[in-house]
Amino acid sequence: MSPVSPITPSAPLRVLVVDDEAPARDELVHLLAADDRIGPVHAAASGSEALRILDAQEIDVVFSDVSMPGLDGMDLTRVIARFAQRPQVVLVTAHQQYAVDAFALQVADYLMKPVRAERLAEAVRRVSGARALPGPQEPASDEETIPVERAGVTRFVRRDEIRYVQAQGDYARLHTDTDSYLVRIPLATLEQRWEAAGFIRIHRSILVSTRYVGQVRMRDGHCTVVVDGEELSVSRRHTRALRDRLLRQTG
């Protein structure tokens, strides 16, 4: 892969659009080219063609369809994730069921077809705000978003909105101050990924954001924490780790 040169926040984005259907591909190229934040726009009709372009061109963001023959959008994203210096990826699809899988792949955004101009502009804003100097990129701790589905509508919940998470089998329920959302992500996956952002396991089925822990209570040797007015039980095996984490944060 060709080296990626440093870019500044004001530099136009170098874009690659990947879609096996020419009308959808051409429409997305047209919409992107009309945005002042977008520079050169390349197009590919398959995942394999996209990889050839990525090897030859400097690309900041890939807008890829998901359902394609051969190397589909998910597979392409997994390959890009192994690049030493990788572009951001925005997945574009007509199928809502891929949203949670997209989260696991750390994509920058997830667009539903037909793509609306205002929603595409938001994706470009998100990508422009997240880009940095070359190198492996991780989402900023408070900027990461999680796709959630409800009544056929996909929305994104910011991680810094989440107070705690409850395990429900292979799913997890994300609790914010106003609502809760069920996502198909194991609690163990979230625990590992969000540890550096201040989330800690307090029970085999509960993960909490320490920023929202208002009180720690001890009664008859049993520990609980109060998160936004709700009291959550802390198991004995996790009590010491929670105490040590809170002490480090306040020390």
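Colleague: Which helix is R243 found in?

Modeller: R243 sits in helix α7, residues 236-250. Keep in mind that this is a predicted model.

Colleague: Is R243 buried, exposed or partly exposed?

Modeller: R243 is partly exposed. Its relative accessible area is 44%.

Colleague: And how are R243 and V216 placed, C-alpha to C-alpha?

Modeller: Their C-alpha atoms are separated by 8.7 Å. Along the chain the two residues are 27 apart.

Colleague: Switching to sheets. What is the strand order in the parallel one?

Modeller: The order is β2-β1-β3-β4-β5. That makes five strands in an open sheet.

Colleague: Which strands are at the edges there?

Modeller: β2 (38-44) and β5 (109-112). Each of them pairs on one side only.

Colleague: How many bridges join β1 to β2?

Modeller: Five, with β1 covering residues 13-18. The two strands run parallel.

Colleague: Which strands does α5 lie across?

Modeller: Helix α5, residues 117-130, lies across β1, β2, β3 (61-65), β4 (88-93) and β5. Against β5, α5 runs at about 170°.

Colleague: Now α2 and α3. At what angle do their axes cross?

Modeller: Roughly 25°, and the axes come within 10 Å. Here α2 is residues 47-56 and α3 is residues 73-81.

Colleague: Why call them roughly parallel?

Modeller: Angles under 35 degrees count as roughly parallel. The crossing is at roughly 25°, so α2 and α3 are roughly parallel to each other.

Colleague: Left-handed or right-handed crossing?

Modeller: α2 passes α3 in a right-handed crossing.

Colleague: Which residues meet between these helices?

Modeller: From α2, G47, A50, L51 and L54. From α3, L76, V79 and I80. By class, the contact of α2 with α3 has six nonpolar residues, one polar and no charged ones.

Colleague: Back to sheets. What's the order in the antiparallel one?

Modeller: β10-β9-β8-β12-β11, an open sheet of five strands. Its edge strands are β10 (180-183) and β11 (199-203), and each pairs on one side only. The twist averages 25° from one strand to the next.

Colleague: How many bridges join β11 to β12?

Modeller: Four, and these strands run antiparallel. Strand β12 is residues 206-209.

Colleague: Which residue in β12 is the bridge partner of R201?

Modeller: L207 is the partner of R201.

Notes:
Residues numbered from 1 in each chain as written. Predicted model: local features only at pLDDT ≥ 70, side-chain atom pairs only at ≥ 80, totals over all residues. Heavy atoms only, no water. Pairing = 2+ DSSP bridges. Contact = heavy atoms within 4.5 Å. Axes fitted to C-alpha atoms, helices over the stretch in contact; angles between N-to-C directions. Parallel < 35°, antiparallel > 145°, perpendicular 65-115°, else oblique. Left-handed = near helix turned anticlockwise from the far one by under 90°. Nonpolar A, V, L, I, M, F, W, Y, C, P; charged D, E, K, R; others polar. Buried < 20%, exposed > 50% of the residue type's maximum accessible area, 1.4 Å probe, protein only.
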